[in-house]
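Student: I am new to this structure. Please walk me through it.

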Amino acid sequence: MNLRLVLWLDAATCVATGLLLSLLAERLSEILGLPQPLLFYAGLSLFPIAAFMAWTARRPAEPAVWLVIGGNVLWVLGSLAVLALSPTATGYAFVLAQAVAVAVLAELEYAGLCQLPK
């Protein structure tokens, strides 16, 4: 898959997830069994991340792509740590699903990075 396309996809999913978490944090907190402030601020944090990914997608450079990949790895690790908060079964599934999706994006970005001209 094309690195630029994956970075744009990652940016778009950050915006979508950011909107979901920040606008519906109170309702999602009930469904997922996770603290409302955690969901809200996690959602807000995704907007500048998405902007950086979009900026990187315009002209992928190795250092910037490594930052995106590293950020995705940290997001996955943070997501796994959130499971210690004992979410509901739905929350557990949601956290795992988005962690897997972010891990897949990181892997695709790494594969694309390996194809960049040296």
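Tutor: Contact means heavy atoms within 4.5 Å. This is a predicted model, where local features need pLDDT of at least 70, side-chain atom pairs count only at pLDDT 80 or more, and totals for chains, interfaces and linings use all residues. Residues are numbered from 1 along each chain as its sequence is written, and side-chain values use heavy atoms, with hydrogens and water left out.

Student: Which residues does E109 touch, not counting residues up to four places away in sequence?

Tutor: E109 sits in helix α5, residues 89–114. Helices here are DSSP runs (H or I, at least four residues), and strands are E runs of at least two, numbered from the N terminus. With residues up to four places away left out, E109 touches L3, V6, L7, D10, V65, V68, I69 and N72.

Student: Which side chain of opposite charge is nearest to E109, and how far away?

Tutor: Lys and Arg count as positive, Asp and Glu as negative; His and the chain ends are not counted. A salt bridge needs a side-chain nitrogen of Lys or Arg within 4 Å of a carboxyl oxygen of Asp or Glu. E109 is buried and has no salt bridge; buried means under 20% relative accessible area, exposed over 50%, partly exposed in between (1.4 Å probe, protein chains only). The nearest side chain of opposite charge is R4, at 12 Å.

Student: How many helices and strands does the protein have?

Tutor: From the N terminus on, the elements run α-α-α-α-α. The count is five helices and zero strands.

Student: What is the radius of gyration of the protein?

Tutor: It is taken over C-alpha atoms, and the globule rule is 2.2 Å times the number of residues to the power 0.38. For 118 residues, a compact globule would come near 13 Å. The protein agrees with that, at 15 Å.

Student: Is L85 buried, partly exposed or exposed, and what are its contacts?

Tutor: L85 lies in the loop between α4 (62–82) and α5. Its relative accessibility is 46%, so L85 counts as partly exposed. The C-alpha atoms of L85 and P35 are 50 residues apart along the chain and separated by 8.7 Å. Leaving aside neighbours within four places in sequence, L85 contacts L34, P35 and L38.

Student: How far apart in space are E62 and L28, C-alpha to C-alpha?

Tutor: E62 is in helix α4. Its contacts, neighbours within four places in sequence aside, are L113, L116 and K118. E62 and L28 are 34 residues apart in sequence, and their C-alpha separation is 36 Å.
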